[in-house]
Amino acid sequence: AIYYLGNAGANEYYENLYVQDFPQGSGTYKFRYNERYDTVSNEFLNSITNLTAGVWYHVALVFDGSSRKLYINGSLDNSATFTNTVNNTSYPLYIGSFRNICCYWDGNLDQFRLYNTALNATQISDLYGETSGNNNTLNFPAGAGCVAAYTLNETANDLSGNYNGTPSDITYVKSGYTGKNTDGTIESQVS
């Protein structure tokens, strides 16, 4: 799982984003967003974009009050209207695992942000074009309502200092550089 937000003690009331062989056994990989409302009811949003191993993708999920939107590399990839809404405000967030019990992310992640507003297409584009010069800025894009930002460069701490994480089995890269540049020798765009 890329992230999991929900009940850590039960298989219900959660949302998560992961990469899945879809349809299963096809060898075609896609991003898949899942919301589970109880122990059996799921709704999914699959990317239209097929993923290529070894390629970096910028991914953003937006809920605007009626629909979920999946952006890949700054452009709207797919959207869907779900019947229910998961309220996860009291549950923990796991980056790189599913409830911290399985499905650990086997890859690189560089920067994770949470907002208290629905970002518009221009703000998503700004995030996609973000440079390493402003990836340590909590309020980016300006006024967008970022409440937690994890650069994942040196710690699992949130830039606001309010939602610091506890790292487990993680290797950080040099501060100011993206995860794809593991030795920190070339400044790279955050993507």
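Two strands are said to pair if DSSP finds at least two bridges between them. In general, strands of a sheet pair through backbone hydrogen bonds, and the arrangement is either parallel or antiparallel. With this in mind, the reader may turn to the structure above, which is a predicted model.

The chain contains 1 helix and 10 strands. Read from the N terminus, its elements follow the order β-β-β-β-β-β-β-β-β-α-β.

Three of these strands form an open sheet, in the order β5-β6-β7, and their pairing is antiparallel. Strands β5 (59-63) and β7 (75-80) are the edge strands, since each of them pairs on one side only. On average, neighbouring strands of this sheet are turned by 20 degrees against each other, direction ignored. Between strand β6, which spans residues 68-72, and β7 there are 5 bridges, and the two run antiparallel.

The chain as a whole may be considered next. Of its 191 residues, 43% are buried. Among contacts between residues at least 6 apart in sequence, 46% join residues that are at least 24 apart. The chain exposes about 10,000 Å², and carbon and sulfur atoms supply 47% of this area.

Leu114, Val147 and Tyr163 make a nonpolar surface patch of about 240 Å². Val147 belongs to strand β10, which covers residues 146-150. Is this residue buried, partly exposed or exposed? Val147 has a relative accessible area of 30% and is therefore partly exposed, because that class lies between the limits of under 20% for buried and over 50% for exposed.

How values were computed
Residues are numbered from 1 along each chain as its sequence is written. This is a predicted model: local features need pLDDT of at least 70, side-chain atom pairs count only at pLDDT 80 or more; totals for chains, interfaces and linings use all residues. Side-chain values use heavy atoms; hydrogens and water are left out. Patches are made of residues with over 30% relative accessible area and no salt bridge: like charges are joined within 9 Å, nonpolar side chains (Val, Leu, Ile, Met, Phe, Trp, Tyr) within 5 Å. Accessible areas come from the Shrake-Rupley method with a 1.4 Å probe; for residues, only the protein chains shown count as cover. A salt bridge is a side-chain nitrogen of Lys or Arg within 4 Å of a carboxyl oxygen of Asp or Glu. Helices (H or I, at least four residues) and strands (E, at least two) are DSSP runs, numbered from the N terminus. Buried means under 20% relative accessible area, exposed over 50%, partly exposed in between (1.4 Å probe, protein chains only). Contact means heavy atoms within 4.5 Å. Axes are lines fitted to C-alpha atoms, for helices over the stretch in contact, and angles run from 0 to 180 degrees between N-to-C directions.
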